[in-house]
Amino acid sequence: MNINCEMARDLLPMYKDKCLSPSSEAALRDHLESCPACRRYLHEYKARQKDDVLIPPGDFADISRRLRRHRTVTEIAVGAAVAVLAAYAVYKTLKQGDHS
Ligand SMILES: [Zn+2]
């Protein structure tokens, strides 16, 4: 059985999980042997899967710490914006008071 690149890439997830029928797996192996692009695709696919699954606990703590810090920065920025608006409102009010 000959398969093209599109079919080969469709089969890769099942190939990786060893869910392919023997004939499909043989066809995919044949294709991978003759197709450097799909070999690279499989390599990248595996690497991506590994990234998705393996997040060490330290990394996760770091990510949540970074998110918290980001939230703090956002709160400071919003607070500063509100303070500027409030100061501007007071300034406008005082200026209007001068005219009347
Ligand atoms: Zn291919």
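Biologist: What makes Ala8, Leu11 and Tyr15 in α1 meet residues of α2, and which ones are they?

Modeller: Two residues are in contact if their C-beta atoms, placed from the backbone, lie within 7 Å. In this predicted model, Ala8, Leu11 and Tyr15 of α1 meet Ser24, Glu25, Leu28, His31 and Leu32 of α2. By class, the contact has 5 nonpolar, 2 polar and 1 charged residues. Nonpolar covers Ala, Val, Leu, Ile, Met, Phe, Trp, Tyr, Cys and Pro; charged covers Asp, Glu, Lys and Arg; the others, Gly among them, are polar.

Biologist: How are the residues numbered, and which pLDDT limits apply?

Modeller: Residues are numbered from 1 along each chain as its sequence is written. Local features need pLDDT of at least 70 and side-chain atom pairs count only at pLDDT 80 or more, while totals for chains, interfaces and linings use all residues.

Biologist: What makes α1 and α2 helices, and why are they called oblique to each other?

Modeller: Helices are DSSP runs of H or I with at least four residues, numbered from the N terminus. Helix α1 spans residues 5–16 and helix α2 residues 22–34; their axes come within 10 Å and cross at roughly 120 degrees. Axes are lines fitted to C-alpha atoms over the stretch in contact, with angles from 0 to 180 degrees between N-to-C directions. Under 35 degrees is roughly parallel, over 145 roughly antiparallel, 65 to 115 roughly perpendicular, and the rest oblique. The pair is therefore oblique.

Biologist: Why does lysine 18 count as exposed, and what is its phi?

Modeller: Lysine 18 lies in the loop between α1 and α2 and has 7 C-beta neighbours inside 10 Å, so it counts as exposed. Its phi is near 60 degrees, a positive value in a residue other than glycine. Most residues other than glycine have a negative phi.

Biologist: Why does alanine 89 count as exposed?

Modeller: Alanine 89 sits in helix α4, residues 57–99. With 10 C-beta neighbours inside 10 Å, alanine 89 therefore counts as exposed.

Definitions and conventions: Helices (H or I, at least four residues) and strands (E, at least two) are DSSP runs, numbered from the N terminus. A residue is buried if 20 or more other C-beta atoms lie within 10 Å of its own, exposed if 12 or fewer, and partly exposed in between; C-beta atoms are placed from the backbone.
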